[in-house]
Amino acid sequence: MADDRKRMFQKDLEVKFTKEHGTNKMEGGDITDMRIPYYRLGVDQNPRKLEMKKVGKDIAEKRGLAGYNPMMHCGGIPLGQRALTPSFISGNDDMMVENDDLHYVNNAAMQQMWDDIRRTCIVGMDMAHETLEKRLSIEVTPETINHYLEVLNHALPGGAVVQEHMVESHPALVDDCYVKIFTGDDELADEIDDQFLIDIDKQFPAEQAEQLKASIGNTTWQAAHIPTIVSRTTDGGQTTRWTAMQIGMSYIAAYGMCAGEAAVADLSYAAKHAGVVNMGDMLPARRARAPNEPGGVTFGNLSDIVQTSRVNPDDPANVTLEVVGAGCMLYDQIWLGSYMSGGVGFTQYSTAAYTNNILDDNLYYDVEYINDKYDGAAEKGIDNKVAPSMDVIKDIATESTLYGLENYEKYPVALEDHFGGSQRATVLSAAAGSAGSLATGNANAGLSAWYLCMYLHKEGHGRLGFFGFDLQDQCGATNTFSYQSDEGLPHELRGPNYPNYAMNVGHQGGYAAIAAGAHAGRGDAYALNPLIKVCFADEMLPFDFSQPRKEFGRGALREFEPAGERSLIIPAK
Amino acid sequence: MTYEAQFYPGATSVAENRRKHMSGKVEKLREISDDDLTIILGHRVPGTDYPSTHPPLAEMGEPECSIREMVEPTDGAKAGDRIRYVQFVDSMYNAPSTPYFRSYNTAINFRGVDPGTLSGRQVVEARERDMEELAKFQLETEMTCPALACLRGASVHGHSLRLQEDGVMFDMLERVRLENGTIIVQKDQVGRPIDKKVDLGKPMSDEEAAKRTTIYRVDNVPYREDKEVLEWVHRVFEQRTMYGYKPAVQE
């Protein structure tokens with residue numbers, strides 16, 4: 001079976017490794033060649049490096065202080081001695097990008113994805129409505145709710161209500177800030193002004209809409225997004241602080257309350273603590289992060305933030321791969337790469353999982369294998385799933401891993417593309433783990449497949465990744481099904497701060513995909529939190545969460561328009 | 001009956017080579033002089049004394065300790081040598097050894113060593129003369145092909161890249177090069193040019209490398225065909241999983 005298959009990465013790698021790009025000199029050759037001439041052209045073969053080199057020189061001259069200079073290594077031997085090749089964004093064959101442009105500093109879409117998550121919180125309305133009705137005998141109706149939402153859409157971006165003579169945010173700097181509501185109550189939804197409603201029936205396939213409405217019931221929730229610029233300037237904790245303040249003011253204004261009365265405190269408490277869902281939990285004090293920072297975003301939450309499952313529900317593998325991309329960027333590139341390490345290299349580890357269709361090929365191979373052998377178990381559905389026994393996990397993970405390893409052996413350019421063990425370990429295990437999830441509908445079974453893949457990989461090639469995660473990868477099987485309270489969490493509830501995952505560079509996108517795969521495979525409307533799934537089903541967000549990988553490609557191609565730009569208030573050039 | 005360690009399962013040549021690397025019973029293929037080794041390691045000038053971090057143990061007047069009495073210090077520890085390192089990079093294209101098997105060889109056959117294993121390199125830290133002993137062992141034996149393995153203290157990139165036209169593993173710093181059919185070292189392991197060129201001998205032929213490698217490859221000894229090895233990986237996986245699950249405790 002493996003040898004008959006058209007590899008999805010073939011075309012990408014043929015373009016990438018056998019053709020010239022800019023001033024890059026590439027021999028024609030074949031992607032199966034084990035030897036090639038190396039021209040040792042350094043950075044001069046790559047257009048983006050050349051641009052950066054020139055800018056670095058200009059800056060140094062202008063300010064009279066040394067800056068970026070790619071000839072710094074070893075006294076003048078440039079990095080990039082092998083071919084510096086661009087990459088295709090997986091799943092989007094027409095998007096070929098420079099690898100430097102997949103660093104989040106160089107990519108506005110990546111920044112916006114994280115901005116859109118960090119600046120979001122979900123605030124319940126029911127406690128506030130009860131307070132208004134029971135304590136103050138104020139009648140709450142769909143009309144008053146619509147009025148309140150109009151007030152709040154003025155106040156949340158920084159417009160003043162109630163207070164007089166207040167300074168306000170310029171609306172053009174905060175035009176990405178807004179609030180909408182959603183509910184499982186069809187009657188109420190019908191009465192809410194369309195502009196304010198995330199319409200579950202409209203946004204989700206009927207089957208998923210039913211699941212979501214049943215989960216949410218007659219409760220009502222505000223999906224609040226504070227201004228990107230505010231979130232960037234402060235931290236994730238500011239999201240609830242900012243939201244609670246403006247919500248409090250808007251209740252006072254919309255319902256004619258006394259600004260000093262005790263019920264205001266109850267409303268504020270409900271808006272800031274009691275009825276609030278953050279995207280990320282607060283971390284332990286030693287990590288010193290507020291809520292809504294990436295280390296606290298569980299894999300289940302990220303699976304729900306990514307919206308591919310609602311627009312492409314019949315291809316659960318695709319859902320899984322989009323979560324890989326989002327997770328690699330958020331967890332590996334931003335969280336581990338910056339918050340945890342302060343480094344640069346993590347981007348390189350992570351992009352392997354969402355470029356050049358290598359992981360995609362492995363997972364779709366697995367899907368075919370599972371469907372052939374287990375009677376369509378990787379197709380969307382509940383009744384078609386295979387029971388997650390040890391034998392099933394061993395079979396699927398082993399076949400997935402062997403197929404992936406053989407690709408690295410048959411296609412030297414695939415091995416060269418994933419030139420570090422961190423990359424190969426992530427890609428192989430993400431495929432095996434996601435395949436396990438898709439087949440069983442059980443994320444911990446997928447996780448188990450992940451760890452077997454690590455063992456098989458290490459044993460086959462006599463090497464794995466690096467100091468930092470080899471240990472966790474080799475002890476992970478032991479805590480997959482553990483009942484110990486801090487080791488045996490269901491996978492959806494684990495996150496980048498889970499003890500063994502806190503420094504697993506390059507792995508986190510794969511972990512998130514395992515959670516997504518289990519539920520996408522079952523056709524579930526959500527993985528962990530229906531509120532988060534609905535909150536991000538909203539086209540007004542600058543970042544399109546239904547296709548994160550394409551958005552990263554648009555960012556790399558400099559086609560993405562981010563929010564929170566400051567051109568209005570800085571000197572024009 | 002004397003117990004003889006078996007080290008590794010599997011019936012293929014790769015499995016057999018893995019057993020050999022772990023056992024330390026490997027074939028010596030070349031000679032590296034002490035001075036040449038010192039030059040390419042780059043830690044000290046050949047012929048100079050080993051720098052020390054403390055006086056010899058015999059002069060230290062150490063407190064009584066039953067463990068100290070049981071464990072014979074290594075020569076480097078006795079002399080008070082500083083800790084130094086050797087770092088190997090082995091190509092994915094049938095290099096004889098791999099990072100994990102270099103580590104296993106070191107940990108099983110040498111004392112006072114601290115092996116570190118990564119995907120692209122394997123570093124061992126030890127007292128300087130102890131480190132040199134194991135470095136020489138690995139360089140001189142079938143654990144190393146001078147074209148497919150290299151000492152690289154820094155800028156280790158290259159293990160997974162395609163080979164150069166001449167069959168030498170790519171190195172951005174060109175520490176070694178093929179000259180008249182032999183591998184010549186022109187920079188020490190960090191990449192500093194050296195005064196004297198060191199000859200590491202002939203590269204293995206493709207056939208010899210394929211015969212001596214410890215890496216499974218689909219174009220040589222396919223991993224999936226070594227059923228016993230896969231079975232043992234599964235066994236380790238299953239036992240670790242069940243250890244954490246502890247079904248008996250739950251019952």
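This is a predicted model: local features need pLDDT of at least 70, side-chain atom pairs count only at pLDDT 80 or more; totals for chains, interfaces and linings use all residues.
Residues are numbered from 1 along each chain as its sequence is written, chains are lettered from A in the order in which they are written, and side-chain values use heavy atoms, with hydrogens and water left out.

**View 1. An annotated stretch of chain A.** The unreviewed UniProt entry marks residues 332–464 of chain A as "domain: Methyl-coenzyme M reductase alpha subunit C-terminal"; such annotations may be inferred rather than shown by experiment. Over these residues the chain is 73% helix and 0% strand (helices, H or I, at least four residues, and strands, E, at least two, are DSSP runs numbered from the N terminus). The end C-alpha atoms sit 18 Å apart.

**View 2. The open sheet of chain B.** Here four strands line up as S2-S3-S1-S4, with antiparallel pairing (two strands pair if DSSP finds at least two bridges between them). S2 (113–117) and S4 (149–151) of chain B are at the edges with a single partner strand each, so one side of each has no neighbour in the sheet. Look between S1 (residues 83–90) and S3 (residues 122–127) of chain B for six bridges; B:Val86 stands opposite B:Val124 there. Helix H5 (residues 99–109) of chain B packs on the sheet and touches S1, S2, S3 and S4 of chain B (contact means heavy atoms within 4.5 Å).

**View 3. Where chain A meets chain B.** The contact draws 58 residues from chain A and 57 residues from chain B. Together the chains bury about 5,200 Å², 59% of it on carbon and sulfur atoms (buried area is the accessible area, 1.4 Å probe, that two parts lose on being put together, summed over both). A:Arg35, A:Arg40 and A:Arg463 supply 15% of the area that chain A buries against chain B, more than any other three residues.

View 4. Seven salt bridges join chain A and chain B (a side-chain nitrogen of Lys or Arg within 4 Å of a carboxyl oxygen of Asp or Glu). In one, A:Arg40 meets B:Glu174 (3.5 Å, N to O).

Definitions and conventions: Axes are lines fitted to C-alpha atoms, for helices over the stretch in contact, and angles run from 0 to 180 degrees between N-to-C directions.
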